[in-house]
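Biologist: I have not looked at this one before. Can you walk me through it?

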Amino acid sequence: MEAVAGVLWQDLAAAVSLLGACREMAWECFAHANPVSAWALGPTPDYLTGALSWLGAFGRTAADYIELAVSWLGRYAGLAWGFMMRYLLVLNFIFSIVIVFFQRRDPKAVWTWLLVLYFIPIFGFLMYLLICQDFQRRKMFRVREVEDALWGAIAGQEDALRKERAVMDPAIQKKYDDLAFYNLETSQAVLTVENTVDVFTEGEKLFGDLLDEMGRATDHIHIQYYIIKHDELFQAMMPVLERKAAQGVEVRILYDGMGSRFVPERVWRRLRRAGVKTGEFFPALFGRLHLRINYRNHRKIVVVDGRIGYVGGFNIGKEYLGRDKWFGHWRDTHLKLTGQSAVSLQMRFALDWHYATKENLFLSQEYFGGRGVFPSRSLGEAKKPLGVQIISSGPDTVARQIRNNYLELFYKASDHIYVQTPYFVPDDAVLTALKQAAMSGVRVMLMIPCKPDHPFVYWASYSYLGDLLRAGARCFTYEGGFLHAKGVCVDGEVACYGTANMDIRSFELNFEVNAVVYDCGTVQELERIFIEDLKECKEVTPEIYANRSLYVRIREQTSRLLSPLL
């Protein structure tokens, strides 16, 4: 480094000398071409000659100091690196203790990170700090007004379920009352029954309906998405939002800092100037540096006037309309909830909005029915009850709420389980539950995409098909485009659909929201859609899986080894 610095400053001195020589040559050439001007200008001015001499001397002095500084830095950097190498085992041991004893993580994830630390000393721990910050003990979304408003509703529903009073369809309630009770106890997911549910599987129809409902809004529009892209879909939505804001409708948009990072800041400024309020969940440092890579808000919620809610797998982007050449047709599932369940989605949005912006919407009860967070009518008074619970989970909670609902549904199944997910990287408990159901005679059918949007995750997903096939389950790859639907249907009675994938990232690392639907009509419609999707699928039989190439097997095992980090 010292030699390099010396060469650089020698070049600088030479450049300064060359500048002076060029100045003299230019003066002589000008004088030869125009003697009169030369007589007028005369020789090189003394002030320029002095300045060039001073610059040359300064450059040489600066070079000496730079060489000294580089020499000093090189010497002490070498000492620091030698110290790190000498005590590498001690440092790695200390970092291993931090990973094992001070972070509550799955043992497989711990062993994977220890392997990373072993092969990439020191830097592996920096990667761990960057990716695996622990939020589990933080009450990120606690709002006192929420707890006060929910206490009465939860207590009344717990009493009704304990005494087996009619809440929803008697057959469904008898079989699943403990699941509803569990959701009440662990995540304050109030069971709502005055609802209607519409299912959307095509982006064109979903966003057409969404824009229509936004256009009819009279009080507020609340929007929350993981991914928002500044393309034709969002550009079609923006004028509607600006017009409603001009009419006095409150419009709020909450977006994830990582998933929506490509939206230019000028777009958000334009919306704010139009009266739209915006909030960013976990914003980047200095506008670009994302320190929280894993913990992202993956929820997709829209609430219009507190009476209509949307939740599911669609984000905002042209690919979700099937206009991306790589993905082709986009097959997803989104639910439109009308009634009390929209208030539950409103509560989830308000909690996330409060965390991101510090604005407490719970101080205004009109967002939640006017007389508290939920309408005052009791559960048993609905003419045709359609039960819905909105459940959410994230790294800030101890219970893995959505994953535990999947487990409960799998163990309760007596006839069939239909699973659709773009990413299938289950933990041991979920995989065991599915295998046990299949080996017990339950028809287990899993559908995943035929093409990857995340290669490691795709091949990790494919590796788990072998476990299910050996247990007697049937597995399919969707060939009609890209499958992004996320949900489970059980026995034509209960479904759980929303934003959560069937993978460890959704179970532990991301903030997710799902709707548990207790209704035979809605669930059977979802199952009919699943059966229709099978016509666009290719079945992965045990024979096909056994004959996959060595290259595929290597990719599978490598990806599966990294699955705790995916």
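Predicted model: local features only at pLDDT ≥ 70, side-chain atom pairs only at ≥ 80, totals over all residues.

Biologist: Fine. How many helices and strands does the chain have?

Modeller: The chain has 19 helices and 19 strands.

Biologist: And what share of the residues is buried?

Modeller: Of the 566 residues in the chain, 53% are buried. As for contacts with a separation of 6 or more, 79% of them are between residues 24 or more positions apart.

Biologist: On to the sheets. What is the strand order in the open sheet of seven strands?

Modeller: The order is S1-S8-S6-S5-S2-S3-S4, and the pairing is mixed. From one strand to the next, the twist averages 15°.

Biologist: S6 sits inside that order. Which residues of S6 are on each side?

Modeller: Ile308, Tyr310 and Gly312 are on one side of S6, with Gly309 and Val311 on the other. Both faces are covered, and these residues are all buried. Since five of the five residues of S6 are buried, the strand is largely enclosed by the rest of the structure.

Biologist: How does S6 pair with S8, parallel or antiparallel?

Modeller: Strand S6 (residues 308–312) and strand S8 (residues 334–339) run antiparallel and are joined by five bridges. Glycine 309 has leucine 337 in S8 as its bridge partner, and isoleucine 308 has threonine 338.

Biologist: And how many bridges are there between S5 and S6?

Modeller: Four bridges pair strand S5 (residues 301–304) with S6, in the antiparallel sense.

Biologist: Which strands does S18 run antiparallel to?

Modeller: S18 is joined to S9 by seven bridges, and the two run antiparallel. Glycine 387 is opposite tyrosine 518 in that pair. S16 is also antiparallel to S18, through five bridges, and there tyrosine 497 has alanine 515 as its bridge partner.

Biologist: How many residues of S18 are buried?

Modeller: Seven of the seven, so S18 is largely enclosed by the rest of the structure. Glu512, Asn514, Val516 and Tyr518 point one way, while Val513, Ala515 and Val517 point the other.

Biologist: Where is the parallel part? How do S10 and S12 pair?

Modeller: Strand S10 (residues 416–420) and strand S12 (residues 443–449) pair in the parallel sense, over five bridges. Tyrosine 418 is opposite methionine 445 in S12.

Biologist: Helix pairs next. At what angle do H9 and H10 pack?

Modeller: Helix H9 (residues 203–215) and helix H10 (residues 232–246) pack at about 15°, with their axes 10 Å apart. They are therefore roughly parallel, and the crossing is left-handed. Among the residues that meet are Phe207 and Leu210 in H9 and Leu233 and Met237 in H10. The contact has eight nonpolar residues, one polar and one charged.

Biologist: And H8 with H13, what is the angle there?

Modeller: Helix H8 (residues 170–187) and helix H13 (residues 401–412) pack at about 170°, with axes 11 Å apart. H8 and H13 are therefore roughly antiparallel, and their crossing is right-handed. Contact residues include Lys175 and Tyr176 in H8 and Gln401 and Glu408 in H13. By class, this contact has four nonpolar, six polar and four charged residues.

Terms used. Residues numbered from 1 in each chain as written. Heavy atoms only, no water. Axes fitted to C-alpha atoms, helices over the stretch in contact; angles between N-to-C directions. Parallel < 35°, antiparallel > 145°, perpendicular 65-115°, else oblique. Left-handed = near helix turned anticlockwise from the far one by under 90°. Contact = heavy atoms within 4.5 Å. Nonpolar A, V, L, I, M, F, W, Y, C, P; charged D, E, K, R; others polar. Pairing = 2+ DSSP bridges. Buried < 20%, exposed > 50% of the residue type's maximum accessible area, 1.4 Å probe, protein only.
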